[in-house]
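I opened the model and kept short notes on what I looked up. The entries follow in the order in which I made them.

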Amino acid sequence: NAKIYKVLSHKYIDSKYSIWLDGNIMININEQDLIDKFLGAADIAVFAHPRRKCIYAEHPEARNRVAPEFYTLMDEQVRNYRNEGMPPNFGLAECGMIIRRNTPVVNEFNEKWWAEICRYTQRDQMSFPYVWWKMKEKIHINLIQGNVREHPYFKYIQR
C-alpha cells in the first residue's frame, strides 16, 4: 500500500504537476527548472532503466527481488503481457523519479498502472511499460536517458 502515493499521485496532490522521488533521491535544482528540463511537452517524464530496455530482460532480475510466493504472479504477468502482444525492447523505466502533469490522461495512466500493480506484484517498473504500451496513442512519455543516481540534478543517498 505504500506505493499508492507514488502511483496515484493525482489523488493526493492538487497541483498542475507532481514530482515523485523515492526516499533515497533528493533534488539539487529548483523544481520548476526540473519540470521545464525533463517534462517539456510530455505528459510524464521518467528515467530510462540504466541497464535494461525490456520487461522480458527485467523479469529474471525482478524475480530475484521478490519473495518466492510472488514468482508465480510475476511469471503470469510477463506471460500475459507477451500473449497480448507487448513487443520486446519497448522500453523500461526506472521509476524512482517521476514528473507528471495532473491531467485526465495521466490520471487514467496512473489508475491503470495501479490496477496492474494490484493484480500482479509491487514491482512497479514491470507494469509501467505495459500501461505505456497500451496507452501509447494517448500519452506522451519522455524516457530520460542517463541515470538518476549519477545525474547532477539529483543527490542519490546510498542505503
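Which residue's side chain meets that of Glu108 in a salt bridge? I found Lys138, at 2.7 Å from N to O. I take a salt bridge as a side-chain nitrogen of Lys or Arg within 4 Å of a carboxyl oxygen of Asp or Glu.

Ground rules first. The model is predicted, so I ask for pLDDT of at least 70 for local features and 80 or more for side-chain atom pairs, while totals for chains, interfaces and linings use all residues. Numbering starts from 1 along each chain as its sequence is written, and side-chain values use heavy atoms, with hydrogens and water left out.

**Entry: salt bridges**

I searched the whole structure and got 10 salt bridges.

Helices (H or I, at least four residues) and strands (E, at least two) are DSSP runs, numbered from the N terminus. Glu108 is partly exposed at 23% relative accessibility, and Lys138 is partly exposed at 48%. For these words I use under 20% relative accessible area for buried, over 50% for exposed, and partly exposed in between, with a 1.4 Å probe and protein chains only.

Next I took Asp124 and Lys6, whose side chains meet in a salt bridge at 3.1 Å, N to O. Asp124 lies in helix H6 and Lys6 in helix H1 (residues 4-7), so the pair ties together parts that are 118 residues apart in sequence. Asp124 is buried, with a relative accessible area of 5%. Lys6 is buried, with a relative accessible area of 5%. I also found Lys6 and Asp124 in a network of salt bridges with Lys3 and Asp22.

Glu94 is in strand E4 (residues 93-101) and Arg149 in the loop between strand E5 (141-144) and strand E6 (154-156), which puts them 55 residues apart. Glu94 is buried at 8% relative accessible area, whereas Arg149 is partly exposed at 35%.

I then checked Glu116, in helix H5. Glu116 is buried but has no salt bridge, and the nearest side chain of opposite charge, Arg119, is 4.6 Å away. For charge, Lys and Arg count as positive and Asp and Glu as negative, while His and the chain ends are not counted. Setting aside neighbours within four places in sequence, I list Tyr81, Thr121, Ser127, Tyr130 and Val131 as the contacts of Glu116. Contact here means heavy atoms within 4.5 Å.

Helix H6 covers residues 124-134, and I count it as mostly covered, with 10 of its 11 residues buried. Among the buried ones are Ser127, Tyr130, Val131 and Trp133.

From helix H4 (residues 71-84) I looked at Glu84, which is partly exposed at 38% relative accessibility. Not counting residues up to four places away in sequence, Glu84 touches Tyr130, Trp133 and Lys134. Glu84 and Lys134 are 50 residues apart in sequence, and I get 9.8 Å between their C-alpha atoms.

**Entry: strand E3**

Strand E3 (residues 44-48) is mostly covered, with 5 of its 5 residues buried. I find 5 bridges joining E3 to E4, and these two run antiparallel. Ala45 has Ile99 as its bridge partner in E4. With E5, strand E3 pairs in the parallel sense over 4 bridges, and Ile44 stands opposite Ile141 there. I call two strands paired if DSSP finds at least two bridges between them.

Asn89 sits in the loop between H4 and E4. Its phi is near 60 degrees, a positive value in a residue other than glycine. Asn89 counts as exposed, at 57% relative accessibility.

Last, I noted Tyr5 in helix H1, partly exposed with a relative accessible area of 47%.
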